[in-house]
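Here is a quick briefing to read alongside the sequence and the 3D view. Have both open and follow the residues as they come up.

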Amino acid sequence: MHWIEWGLMLLCLGVCITCGITDLKTERIRNQIVLPAALVSFAVNLGFSEYQHVWSMYLLNVLLVVLFSTALYALHYMGAGDSKLLTCIAAALPVRLYADRMSGMFGIVLLLICIFSTCMVYIAVESIFLLFKEKPNLRETLSASWGSFWSAYLRGMMVITFTNECLFLFCRDFYLENQYAVILLNFLLAALISEHRVFRSELLVWLLLSCEAAIAFLTPYHEQLLHGDIRLFLVFLGILAFRRFLIDTCNYRVIPTADVRKGMILSLQTTMLMQKSRVKGLPRLSAEDMRSRLTEEEAESVRRWEHSRYGCKEITIVRCFPFGLFIAVGTVLFMIGGIVWRG
């Protein structure tokens, strides 16, 4: 590999190590590190990519990561710092690391697969450990979640099927040649649209599914459905089941109210208990995502709430995972794989 590519990878490695450590210790990713590194690496990488005549591939892959990370931030699945870190990494990675590693123009999707696989493995191991340690009432959880699980799955599959049918009918070459990029689009749309109120109507879900089945039967898409996309549906089912029955079961932690700090996320049940209190500055009902991170003022109000009439000595918070660390580890694994693959 060229010395410029080695320099870009060293810069990327330095950013990953630094941001992974700061995210683990302080739950923060500093703009002073990410933004200058992103600007420098983008300028160098764009110039070197133009010299190699792969500048269009570089821009397309960076744009894909920017849109993907921005969408996850907009959906409150990760913080702004994580989104900036992911964008910085995409800007720094040499095209040679992901060109031709998978079909289509968007080889950097493999980076996202490495990152989220790392995250899923960690969460799975920790969840199983907590499952045996804390021994929650799993049977009751499964029973209560069964109906909502299948409803969420049908809504997600409705969005995925409709997206794939449209791409197959109107952009067939792109759809067949960039399957991994299409998968990212599928899951983003499923996460975005299935949260909309109109898609919570079971009648609408069944009506649209019937129409999509008719389209699949009357067009050549049914061959792609049976030989390719059926695997996507099974993967989506597995991920949703994993999240619902395992992660959600061990997704909370009970702490002393006096230990509440800025940046923590309270459970919905905890914030419901606070609604009848007259203590000023308490947080509103929690969405249990990044939108509900406590400010310093809210954390202080919660600590005062403990000593009020309706206060409790212990509260439940949502477990926060150091996603910046997962991004760093997944990126390092991706770079190692790219170096080995290039020989």
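Asparagine 164 touches Tyr175, Val182, Asn186, Tyr221, Asp229 and Leu232, leaving aside its neighbours within four places in sequence; contact here means heavy atoms within 4.5 Å. Asparagine 164 sits in helix H6 (residues 138–170), and at 0% relative accessibility it counts as buried. Buried means under 20% relative accessible area, exposed over 50%, and partly exposed in between (1.4 Å probe, protein chains only). Helices (H or I, at least four residues) and strands (E, at least two) are DSSP runs, numbered from the N terminus.

This is a predicted model, where local features need pLDDT of at least 70 and side-chain atom pairs count only at pLDDT 80 or more, while totals for chains, interfaces and linings use all residues. Residues are numbered from 1 along each chain as its sequence is written, and side-chain values use heavy atoms, with hydrogens and water left out.

**Salt bridges**

- The count comes to three salt bridges, each being a side-chain nitrogen of Lys or Arg within 4 Å of a carboxyl oxygen of Asp or Glu.
- Arginine 96 pairs with glutamate 5, and their closest N and O atoms are 3.0 Å apart.
- Arginine 96 is in the loop between helix H4 (80–92) and helix H5 (109–134) and glutamate 5 is in helix H1 (residues 3–26), so this pair ties together parts that are 91 residues apart in sequence.
- Glutamate 5 is buried, at 1% relative accessible area, whereas arginine 96 is partly exposed at 25%.

- Glutamate 300 bridges to arginine 303, with the closest N and O atoms 2.9 Å apart.
- Those two are three residues apart in helix H12 (residues 296–305), which means about one helical turn separates them.
- Shared partners join Glu296, Glu300 and Arg303 into one salt-bridge network.
- The other link is between arginine 303 and glutamate 296, at 3.6 Å from N to O.
- Arginine 303 is buried, with a relative accessible area of 18%, while glutamate 296 is partly exposed at 40% and glutamate 300 is partly exposed at 36%.
- Buried residues of H12 are Ala299, Ser301, Val302, Arg303 and Trp305, and the buried residues of H12 pack against helix H11 (268–274) and strand E2 (314–318).

- Axes here are lines fitted to C-alpha atoms, for helices over the stretch in contact, and angles run from 0 to 180 degrees between N-to-C directions.
- Angles under 35 degrees count as roughly parallel, over 145 as roughly antiparallel, 65 to 115 as roughly perpendicular and the rest as oblique.
- The axes of helix H2 (residues 31–51) and H4 come within 8 Å and cross at roughly 25°, so H2 and H4 are roughly parallel.
- On the H2 side, the contact includes Val34, Leu35, Ser41 and Phe42, and on the H4 side it includes Lys84, Leu85 and Cys88.
- The contact of H2 with H4 has nine nonpolar, three polar and one charged residues; Ala, Val, Leu, Ile, Met, Phe, Trp, Tyr, Cys and Pro count as nonpolar, Asp, Glu, Lys and Arg as charged, and the others, Gly among them, as polar.
- Helix H3 (residues 55–74) packs with H4 at about 170°, with axes 9 Å apart, so H3 and H4 are roughly antiparallel.
- Among the residues making that contact are Tyr58, Val62 and Tyr73 of H3, and Ala80, Leu86 and Ala90 of H4.
- By class, the contact of H3 with H4 has nine nonpolar, four polar and no charged residues.
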